[in-house]
Amino acid sequence: IFSPEGKLYQIEYSFKAIRLPGDTTIGVRGRDTVCLITTKKVPDKLVDPSSVTRMYRITPSIGCCVTGRLPDARALIYKSRQIAAEFQFDNGY
């Protein structure tokens, strides 16, 4: 679909998406601990802030902090959980 100026809307939307400010995530590793800190942006007033997260649990001892697009990240999280479950089934731990 073209705009009245003759530009493609899809191209304009993709350029705007690229220029959006990214999320900041910082990770610090110690000898026996890890600390992850990330920004939490609530997209709308109608969204419950407690439901917005960028931290995900893959297994009880493995977690993941996501930066970038959440739908893409959720797909990777689900795949990671599946791989971890298969590993646990095959190896017993």
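Me: Okay, how much accessible surface does the protein have, and what share belongs to carbon and sulfur atoms?
Reply: The accessible surface is about 8100 Å², and carbon and sulfur atoms account for 59% of it. Keep in mind that this is a predicted model.

Me: And what percentage of the residues is buried?
Reply: Of the 93 residues in the protein, 14% are buried.

Me: Which elements does the protein have, and in what order?
Reply: There are 2 helices and 4 strands. Starting at the N terminus, the order is α-β-β-β-β-α.

Me: What about contacts across the sequence, how many join residues at least 24 apart?
Reply: Taking contacts between residues at least 6 apart in sequence, 20% join residues at least 24 apart.

Me: Switching to the surface. Which residues form a nonpolar patch there?
Reply: Ile26, Val28 and Ile37 do, with about 280 Å² of accessible area together.

Me: Where does Ile37 sit?
Reply: Ile37 is in strand β2, which covers residues 34-38.

Me: And what comes up in the loop between β2 and β3?
Reply: Asp48 lies in that loop, with β3 covering 55-59. Arg54 is in the loop between β2 and β3 too.

Me: Take Arg54 then. Buried or exposed?
Reply: Arg54 counts as buried because its relative accessibility is 14%, and the cut-off for buried is under 20%.

Me: What does Arg54 touch?
Reply: Leaving out residues up to four places away in sequence, Arg54 touches Asp23, Thr38, Thr39, Cys64, Cys65, Val66, Thr67, Gly68 and Leu70.

Me: Which side chain does the Asp48 side chain have a polar contact with?
Reply: With the side chain of Ser50, at 2.7 Å.

Me: Last one, Thr59. Where is Thr59 found?
Reply: Thr59 is in strand β3.

Me: Buried or exposed?
Reply: Thr59 is buried, because its relative accessible area is 18% and buried means under 20%.

Me: And what does the Thr59 side chain reach?
Reply: The backbone nitrogen of Ile62, at 3.0 Å.

Terms used. Residues are numbered from 1 along each chain as its sequence is written. This is a predicted model: local features need pLDDT of at least 70, side-chain atom pairs count only at pLDDT 80 or more; totals for chains, interfaces and linings use all residues. Side-chain values use heavy atoms; hydrogens and water are left out. Patches are made of residues with over 30% relative accessible area and no salt bridge: like charges are joined within 9 Å, nonpolar side chains (Val, Leu, Ile, Met, Phe, Trp, Tyr) within 5 Å. Accessible areas come from the Shrake-Rupley method with a 1.4 Å probe; for residues, only the protein chains shown count as cover. A salt bridge is a side-chain nitrogen of Lys or Arg within 4 Å of a carboxyl oxygen of Asp or Glu. A polar contact is a pair of N or O atoms within 3.5 Å; within protein, one must be able to donate a hydrogen and the other to accept it, and residues adjacent in sequence count only if both atoms are side-chain atoms. Buried means under 20% relative accessible area, exposed over 50%, partly exposed in between (1.4 Å probe, protein chains only). Contact means heavy atoms within 4.5 Å.
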